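Welcome, and please open the model in your viewer. We will go from stop to stop, selecting a few residues each time and looking at what is there.

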Amino acid sequence: MSASLTAYEWTLLRRDRRAWWALLALAALVLLAFSFDLATVAAGNAAKTEAARAERARWLGQGEKDPHSAAHYSIFAFKPAPPLAALDPGAQPFVGQTVWLEAHVQNDMLYRPQGEASALQRAGLASPASLLIAFAPLVAFLLAFTAVAMDRERGTLRLALGAALRPRAIVAAKTSAIWSALLLALLAPVTVAAAVASAALGALSADVALRLALWAAAMAAYLGVLSALGVAVSLLTRSVRGALAVLFGLWIVLALALPRWASSAVDAALPLPSSQQVKQQLQDEAPSFWTAEEAKKHRETLLARYGAKDAKDLSVDARGAELDLSERHSHEVFDRVLGGFYDRVAAQDRAFAAWGWLSPATAMQSLSPMLAGSDFGHHRRFIDAAERYRRALVNRMNEDVMAHPLNGAQPRHTNNESLWAQIPQFEAPAPALAANWRNAAPALFGLLGWSALAAGLLALAARRLRP
């Protein structure tokens, strides 16, 4: 009985061309956005792979030179975009895609795609996830208005109740019809397209499949909340005009206003220092070059460490030891200053996710990029991996200088490809879903809370439904 009722309600929905065409138009936009983002991801990753190959060849072919000069010559590390970034680019457009790994400095990442984005991309409306989060509520509420408010205005709802049908069965059928329409038109096509595209690109791993399944499940829950809210509000509102006004207002508040307000509230409560302030602090605490006074003090420290009275008596090269001391001092500063800055960004993400109870759209804006592997947590994982690689490279170069004590004699020690080849090629870290779950976990509880609230409102509407 319930299946036939749902099928009947689905047929009625298709007869209202306005709501149905709105659904199909949004479905087409979602697929077009996915196609565009997929092409961008695929082209970008191909270019990064080629550039990384050229960088490796350049590093190995740099010729004979002072190892510390080779540490300055260094290489670029490239961050590949996750395959599901075509669904939700997350932080990708706002963060760098490559970083220069040189001695003394933990550089900023370069090339932020948002800097060259179109007006539509800058508005945040060009990805499948953003389109679904922002406009699926409008379409869901239009379908609910069609299925309930207009049905009640025509009197067919009273006739159905008078035919001894249980109110709960009618409400469930209407909600199921709207939810299934949203799933089949909006979610299923883009999910299948993402799976096929990942397989075609050779990126359909177990991790990607799990992420895609969880992303689809979370989005399905979001669409279910919208369907239930739309039907409940339409049933609880006495007039057709009132139902339309309330539904339209809910779309603006839940999908557009509250997520932006939550973002502003987080920025105000947990402000970040400017990039210039961070750079200045790094320069003050870990300068690239020591002053004469600092060099003398550190020279005395090294002499005491190795039990020597003069640099010529050192068992290691004095210049290499000073360079090594400078690098290891900067490591502590980078971990404290830059690590602290990144911790504050992560705290902002957790605070925004905690506002998921305020709006289901806010919850999905946190969950979606985390599941797609494009949030800041995954970006920081790359930053940390690139920094570990930089330190290993620079330390190995300095160790080679230290291992050949010249202590002022000329010419300086040099090395060649036999040393450069000891540095393995940089490999971007594998994604870690569990490691980044903490930042978005509050959003999951928010979405579950909204699911319970929507189910409760739906039950209340069913109890109040009378012929």
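Two rings of Phe, Tyr or Trp (for Trp, the six-membered ring) count as an aromatic pair if their centres lie within 6.5 Å; planes under 30 degrees apart are called stacked, over 60 edge-to-face, and the rest tilted. By that rule, the structure holds 11 aromatic pairs. This is a predicted model, in which local features need pLDDT of at least 70 and side-chain atom pairs count only at pLDDT 80 or more, while totals for chains, interfaces and linings use all residues. Residues are numbered from 1 along each chain as its sequence is written, and side-chain values use heavy atoms, with hydrogens and water left out.

**Stop one: helix α9**

Select Phe248 and Trp251, an aromatic pair of the tilted kind, with 5.5 Å from centre to centre and 55° between the planes. Both residues lie in helix α9, 3 residues apart, or about one turn of the helix. (Helices are DSSP runs of H or I with at least four residues, strands are runs of E with at least two, and both are numbered from the N terminus.) Trp251 is buried, at 9% relative accessible area, whereas Phe248 is partly exposed, at 44%. Here buried means under 20%, exposed over 50%, and partly exposed in between, using a 1.4 Å probe and protein chains only.

**Stop two: two helices joined**

Next, select Tyr342 and Phe376. Their ring centres are 6.1 Å apart and their planes stand at 50°, so this pair is tilted. Tyr342 sits in helix α12 (residues 318-354) and Phe376 in helix α14 (residues 376-402), so the pair ties together parts that are 34 residues apart in sequence. Are these two residues buried or exposed? Both Tyr342 and Phe376 are buried.

**Stop three: rings and charges**

Select Phe76, Phe78 and Trp100 to see one aromatic cluster. Then move to Tyr73 and show Arg58, whose charged end sits over the Tyr73 ring, 4.5 Å from its centre. Lys65 also lies over the face of Tyr73, at 3.9 Å from the ring centre. A charge sits over a ring when NZ of Lys or CZ of Arg is within 6 Å of the ring centre and within 35 degrees of the ring normal.

**Last stop: strand β2**

Finally, select Thr98, in strand β2 (residues 98-101). Thr98 is buried, at 10% relative accessibility. What does the side chain of Thr98 reach? Look for the backbone oxygen of Ala77, at 2.9 Å.

How values were computed: Polar contact = N/O pair within 3.5 Å; in protein donor to acceptor, adjacent residues only side chain to side chain.
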